[in-house]
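Please keep the 3D view open as you go.

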Amino acid sequence: MADTTFQLEGAVTNPDAPTPPAAWSSATWFAVLSMAATSFALVSAEFMPAGMLTPMARDLGVSEGMAGQVVTATASVGAVTAILSNVLIGRLNRKTVLVALSALAVGSNILAATATDFWLLLLGRAGLGIALSAFWALSVAVVARLVGANATGRGMAIVTLGVSLATIAAPSMGALISDWLGWRTAMAMTAGLAALAMLLQWLSLPTLPATTSNSLADVFRLTRRRGIQIGMLAILLLMTGHFAGSVYVRPFLEQVTLLATGPIALALLGFGIAAVIGNIAGGRLADANIRIALAITAALMAFAALALVLWGVHIGVAFGFAALWGFAFGMAPVVLPTNLSRAAPDALEAAGSLMVTSFQVAITIGALVGGYIVDTYGATGPLTLTAMLAASTVVLALLQPRS
């Protein structure tokens, strides 16, 4: 097990022209991959219920709508946790914290798998929400300590690759396993994934002593920086737009493109595969020029959504631009946190809290607003909003000052 002590990087004088990152050692690769394994385990557990709501609801004696609140519970608890997590951990060793969060995910998933009523299931999901948000709040700071500030984008691309893979695999695997072995077995398997991630962290992560102890005042004081304000606004605009539209891509493909279930599944698979490729491209672009990376990410999403609205009646167009949207979405979880962190190289953990909170708020607003628009204006309405908010993010990126 590596026993090297890493310190936070100092201020980056010119983040738009960083020095080339050094080659990573095998120990660094192992540590970063353990973080990717953790993101895969946590996000798989988050989205697994989407594929098995019906048997879960039937077993617990609740409606499918009520069963769906297990996802809401995870996100709601996570939004609060994101602000408080880096304050509550004080000066604990960050490796210890990460391993403990994985252990919490193991226990929470076991509780959910063995829940005898709906409220115990919700309690288990709330524990997962704490583990999930606290992990992401620490992720940028930890990755920067592992690979260096000039390679943060590349490191985060690998970590968030776990998100893309889990988003593709978890709902379908949840459906298949729950039909074959039962939803409780599927939920228990997510505990196994979290246990494996915990083992990998324990074996690979170096000791990461705290270099600072955050307070709520420190976190909120950070919001006075213009770069943080712009970074948070970019997250809110782009992710609100994405979740307002992406949730309703299936109704669009059904009502506008007139696709059946099989072709829709293929289009969504193309979206997911493109997102994985976008992860990799996003890491490269973020390290090369973060302003341009943000502008390209937003521009691709805006163009894809607008093209679907204008020409999505054609099947080839729908497949192609759904994949382009997926590519842009794959870039976003890398580019947006890296962009925010460049404004606070001296306070990466506090910036991580603000980043996760911004994402959670954007997801909530996007889902609510998108639902209202699709009911009021039809299937093209949410995608129009996506294009507008993504285009606004392009303007924001280009106006962002070089630091």
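## A salt bridge across the chain

Arg184 pairs with Asp59 in a salt bridge, their closest N and O atoms lying 3.0 Å apart. The term covers a side-chain nitrogen of Lys or Arg within 4 Å of a carboxyl oxygen of Asp or Glu. This pair links distant parts of the chain, 125 residues apart: Arg184 sits in helix H8 (residues 183–204) and Asp59 in helix H2 (residues 53–60). The structure holds five salt bridges.

Helices here are DSSP runs (H or I, at least four residues), numbered from the N terminus. This is a predicted model, where local features need pLDDT of at least 70 and side-chain atom pairs pLDDT 80 or more, while totals for chains, interfaces and linings use all residues. Residues are numbered from 1 along each chain as its sequence is written, and side-chain values use heavy atoms, without hydrogens and water.

## Helices H12 and H13

Helix H12 (residues 261–288) and helix H13 (residues 290–311) have axes that come within 6 Å and cross at roughly 140 degrees. Axes are lines fitted to C-alpha atoms over the stretch in contact, with angles from 0 to 180 degrees between N-to-C directions. H12 and H13 are therefore oblique to each other, as angles under 35 degrees count as roughly parallel, over 145 as roughly antiparallel, 65 to 115 as roughly perpendicular and the rest as oblique.

In contact terms (heavy atoms within 4.5 Å), Leu285, Ala286 and Ala288 of H12 meet Ile290, Ala293 and Ile296 of H13.

Notes. Helices (H or I, at least four residues) and strands (E, at least two) are DSSP runs, numbered from the N terminus.
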